[in-house]
Amino acid sequence: MKDILTAENVSRRFSPHVTLGDRIAGLFGAKLDRRPVMAVTDVTLAVQRGETLGLVGESGCGKSTLGRMLAGILEPSEGTIHLNGVSPMQAGRKTTTRIQTVFQDPFASLNPRRRVGDTITEGPITHGLITRSEADSFSADWLAKVGLDPAYVSRFPHQFSGGQRQRIAIARALAMQPDVLICDEPVASLDVSIQAQILNLFLDLRREFGLTTVFISHDLSVVRHVSDRVAVMYLGRIVEVADAHSLYAMPQHPYTQALLDSVPKLSLDGNIGVTFQPIRGELPSPLSPPSGCAFHPRCLKAADLCGRQRPRLEKSSNSGLVACHYR
Amino acid sequence: MKPALLQVRDLRTHFETRAGTIKAVDGVSFTLERGEILGLVGESGSGKSVTGFSLIGLLDPPGRIAGGSITFQGQELVGLPQAEMRKLRGKRIAMIFQDPAATLNPVLTIGQQMMMAVQAHGGTGQGAALALAERSLTRVGIPDAATRLNAYPHEFSGGMRQRVAIAIALLHEPQLIIADEPTTALDVSIQAQILAEMKTLAQDSGTALIWISHDLAIVSSLADRVIVLYLGRIMEFGPIADVLRAPLHPYTRGLLDSLPAMADPGQKLRQIPGSTPSPLHVPPGCPFAPRCAQADDHCRSDPPPVGDERHGAFCHYPLTGPA
């Protein structure tokens with residue numbers, strides 16, 4: 001398969017914004033914390049044409065920041081991102097529009113003062129995919145494709161429920177005929193019955209359009225359901241990548257293993273009881289990540305070496321990549 | 001036979017709005033024994049949180065209890081004067097909320113807040129109150145509790161803040177704790193820690209627990225019994241194992257089928273069609289009828305009866321056979 005979207009040694013640093021007030025306070029001896037936060041560190045990743053790559057991790061692991069860099073919304077501090085061999089950030093809007101994003105909150109991502117038909121057609125008209133006279137039938141078509149009544153084109157977002165709005169957001173993204181679709185927690189704010197409808201729609205559209213997708217979520221079961229390959233992130237780094245089946249069946253990294261174990265499972269055979277195993281300790285602050293392997297203070301397998309030396313991402317026995325000394 | 005710890009009969013909580021009356025809770029009945037863990041499951045708008053708020057007397061206007069009774073340790077709570085309710089709240093019934101950042105006062109130290117919670121129910125000196133606070137923090141797994149009493153909420157992580165909220169709820173060793181989605185805002189690894197601790201605490205202290213959640217998997221690993229709510233009505237109730245193994249109501253079945261874990265990866269999920277109707281226009285008859293595959297005219301016009309058995313469903317045509 002061919003790589004369509006690649007990230008090479010990508011890092012993203014956020015430096016604290018120092019205001020005038022902070023500086024004045026500093027003159028009087030207040031402590032100023034100017035340490036930058038490394039949201040994403042040295043990530044190398046390739047998305048292949050037609051695949052769905054899942055990106056999982058807990059809050060603060062950098063999965064959304066990485067998604068935004070892949071989408072060309074954020075510029076990497078270091079490293080390069082290429083879409084079909086060109087860097088979207090440098091090539092400009094012609095290329096960035098080849099990547100579209102569906103965001104988590106469908107209440108914030110749609111313009112409340114704009115009719116949904118206009119929301120769907122704005123991009124395609126601006127970039128010359130369709131003409132203004134085609135707009136009405138175009139938006140009606142797209143509403144039908146995402147399972148909404150085409151007569152809704154002249155409605156406003158407030159007339160829709162959360163699940164319906166997410167369908168509109170998906171229609172808006174796909175109407176640009178993107179090469180890659182980035183979904184950042186697209187079902188996190190939806191009820192389970194609506195979540196199932198959106199996941200089904202997503203699976204249908206993926207088949208119909210042969211979509212290449214990066215699917216970001218904290219929900220391991222959702223990611224497993226839609227992904228071909230899964231990358232697990234911890235404190236800004238990828239700790240394991242493998243095809244979805246092997247990753248869930250035979251996790252190689254202790255963090256992946258622990259994360260899978262910590263999710264309460266539903267057992268239908270009447271075996272009720274505690275079905276999960278918590279990870280000890282808390283996520284360390286990304287301001288001062290632990291030395292060596294970032295997971296070592298919480299890891300049951302950790303030895304001396306783990307605190308001293310950071311493991312590299314290397315081939316694992318399940319044909320993926322894993323960053324652990326004792327895999 | 002000893003009366004149940006909590007007996008709720010035909011509870012109705014209504015919100016009068018300009019657009020009409022919203023029946024957020026519409027005829028909910030259940031009993032809870034000492035030390036029992038009850039899961040209250042439903043999607044948004046099902047009335048699960050409003051049920052919790054009704055029990056502890058924290059309904060904001062225009063919400064009001066329009067009917068039914070809540071008997072707690074033999075005492076009727078519906079219509080109880082605020083002053084009486086305040087004596088009870090925090091002492092014998094405690095609540096843990098979803099957002100720990102909004103529960104704690106940001107300008108007071110944890111110790112000050114906990115001391116206030118102890119002294120609100122009188123008779124405890126400052127030293128004794130602090131000692132109680134420290135013991136409570138230690139119980140929920142906060143290391144170095146004596147020092148942490150002097151910390152402010154912003155110095156704690158989200159998981160630690162929720163632990164503090166739980167410690168406050170435990171201060172008076174209440175007979176009943178109502179937990180309203182306390183782990184929803186937390187990461188899975190922290191959620192697992194809190195769930196495991198809550199289960200142990202309930203077992204050790206004999207405290208009854210009402211666990212409100214949208215997540216059946218969480219409830220299944222915690223609760224003894226479960227109630228499934230939809231549009232303010234009970235759809236199904238029973239021991240958790242029975243409800244999961246052989247759900248009687250098509251809505252429960254639909255909720256289970258909606259979970260990605262229930263299908264093979266990449267395969268379509270068996271979804272429930274449509275979406276929850278507006279609470280202003282609850283369908284007559286069974287509220288789930290418009291979305292139910294096996295509903296007929298009978299379902300659309302007549303509300304089904306609620307059984308009194310151990311495991312029952314609010315349905316004219318309950319499902320048979322295991323999942």
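1. A residue is called buried if 20 or more other C-beta atoms lie within 10 Å of its own, exposed if 12 or fewer, and partly exposed in between, with C-beta atoms placed from the backbone. Contact here means that the C-beta atoms of two residues, placed from the backbone, lie within 7 Å. Helices (H or I, at least four residues) and strands (E, at least two) are DSSP runs, numbered from the N terminus.

2. A word on the source: this is a predicted model, in which local features need pLDDT of at least 70 and side-chain atom pairs count only at pLDDT 80 or more, while totals for chains, interfaces and linings use all residues. Residues are numbered from 1 along each chain as its sequence is written, and chains are lettered from A and ligands numbered from 1 in the order in which they are written.

3. On to the interface: 38 residues of chain B are in contact with 38 residues of chain A. On the chain B side, two or more residues come from each of helix H8 (188-205), helix H9 (216-220), helix H10 (240-245) and helix H11 (250-257). H8(B) gives the most, with eight residues. By class, the chain B side that touches chain A has 20 nonpolar, 13 polar and five charged residues. Nonpolar covers Ala, Val, Leu, Ile, Met, Phe, Trp, Tyr, Cys and Pro; charged covers Asp, Glu, Lys and Arg; the others, Gly among them, are polar.

4. Axes are lines fitted to C-alpha atoms, for helices over the stretch in contact, and angles run from 0 to 180 degrees between N-to-C directions. Gly117(A), Ile120(A), Thr121(A), Pro124(A) and Ile125(A) of H5(A) meet Ala135(A), Asp136(A), Phe138(A), Ser139(A) and Trp142(A) of H6(A). That contact has six nonpolar, three polar and one charged residues.

5. H5(A) also packs with helix H7 (residues 162-174) of chain A, at an angle of about 25° and with the axes 8 Å apart. The two helices are therefore roughly parallel (angles under 35 degrees). Val116(A), Thr119(A) and Ile120(A) of H5(A) make the contact with Ile168(A), Ala171(A) and Arg172(A) of H7(A).

6. Which loop holds Leu110(A)? Leu110(A) sits between strand E5 (99-102) and H5 of chain A, and it counts as buried because 21 C-beta neighbours lie inside 10 Å. Leaving aside neighbours within four places in sequence, Leu110(A) is in contact with Thr119(A), Pro157(A), Arg165(A), Ile168(A) and Ala169(A).

7. Finally, chain B has an open sheet of four strands in the order E2-E1-E4-E5, with antiparallel pairing; strands pair if DSSP finds at least two bridges between them. Strand E2 (20-32) and strand E5 (75-76) stand at the edges with a single partner strand each, so one side of each has no neighbour in the sheet. Helix H1 (residues 48-56) of chain B packs on the sheet, touching strand E1 (6-17), E2 and E4, and its direction makes about 70° with that of E2(B). Two bridges join strand E4 (residues 63-72) to E5(B), and Thr71(B) stands opposite Glu76(B) in E5(B).

Notes
Parallel < 35°, antiparallel > 145°, perpendicular 65-115°, else oblique.
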